[in-house]
Amino acid sequence: MLKSLIAAAAFGAAMCALAQTPPKPAYEGAPGDYIAHDFHFGTGESLPELKLHYLTLGTPHRNAAGHVDNAVLLLHGTGGDAHTLFNPIFSTVLFGKGQPLDITHYFLIFPDDIGHGVSSKPSDGLHMRFPKYDYDDMVRSQHQMLLEGLHVDHLRLILGTSMGCMQSFVWGETYPSFMDALMPLACQAVPLAGRNREWRYMAIQALKSDPNFQGGEYKSEPLQGVTFANDLLLLAGGAPLQLQKNYPTRAQVEKYVDESIANNLAHTDANNMIYYIDASRNYDPSKNLAKITVPLMWINSADDFINPPELGIAQKLVTRMPKAKFILVPISDATRGHGTHTVAAIWKVYLAQLLAESTR
């Protein structure tokens, strides 16, 4: 069964890679906005109004005490938004009838994080004067949005990809009894140092040092810096096996790069990019992992440039959490490097296992 799922994932992902336009989502979420008044950030900065946008699928179910008991929080990656996880290779595998996150049973919540999508962000007008948010601020704002905006005081599951993966660890330590289970996909649970911080710092410096950046008060995008930063992101997120197979000639790979960067430039704001890349600067859940006592299924892939398995970090740290398991997905024709976190058919069986083990 698992082989069949992986084969289907490989075919679906390949079709997405070859498509000239993004695949049409199979689902459309119901939109909503929550305004956090006088929101204070960890730096001491504040905003009189912090807007958090979100999408939902399914219907909240309330138990005899009136509490929602079927809510699932799904967290996107750096530079993404609530729509990111509506990608068919994720959503059609998980949200349909009889699937692990069947929306006839679960109430799914997809936030636009601070600095992303149509939530409050630097490009709204404050530019580099926008508060310097981090993952702690993001998680705290999500918690407030759930409680006050959606009236959800407990989650059946938190599933996070990449940046959302790291936020899952922050959630587990900060609000350890708020969820039944955690599923972090594609991250580490240590400070972002070494190569992971190296490429992020290079991207940030390229943006800031572009002569047209003007301290964030540019009239048009600083294309030199934005192009280089997007080059780094494209390289870091790639999978060598797929790149070699799909673009076996110089002309093909150069065409792929040119088209990818042109598409990325159309959706990139330099100020926003600096902020969301740098939001990980003080991330470090490693000292408090023992606080995470709920079942946790941690999954990385062996071809992930951003989280290289040879460091052995996850294998060591998973032992600090009493109910945690770590799965390293081997390189195959189905894996997509860092993007394996979105190819749900590869790890769907582990999600089903986690949900079964964490049933109250």
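Which two residues form a disulfide, and how far apart are their sulfur atoms? The residues are C165 and C187, and their sulfur atoms lie 2.0 Å apart; a disulfide here is a pair of cysteine sulfur atoms within 2.5 Å.

Before I continue, please note that this is a predicted model, in which local features need pLDDT of at least 70, side-chain atom pairs count only at pLDDT 80 or more, and totals for chains, interfaces and linings use all residues. Residues are numbered from 1 along each chain as its sequence is written, and side-chain values use heavy atoms, with hydrogens and water left out.

The structure holds one disulfide. The pair links distant parts of the chain, 22 residues apart: C165 belongs to helix α4 (residues 163–174), while C187 sits in the loop between β6 (182–185) and α5 (194–209). Helices (H or I, at least four residues) and strands (E, at least two) are DSSP runs, numbered from the N terminus. The link of C165 and C187 is left-handed, with -65 degrees about the S-S bond.

Are these cysteines buried or exposed? C165 counts as buried because its relative accessibility is 0%, and C187 counts as buried at 1%. Buried means under 20% relative accessible area, exposed over 50%, and partly exposed in between (1.4 Å probe, protein chains only).

I turn now to the lining of the second largest pocket. By class, this lining has 12 nonpolar, six polar and two charged residues. Ala, Val, Leu, Ile, Met, Phe, Trp, Tyr, Cys and Pro count as nonpolar, Asp, Glu, Lys and Arg as charged, and the others, Gly among them, as polar.
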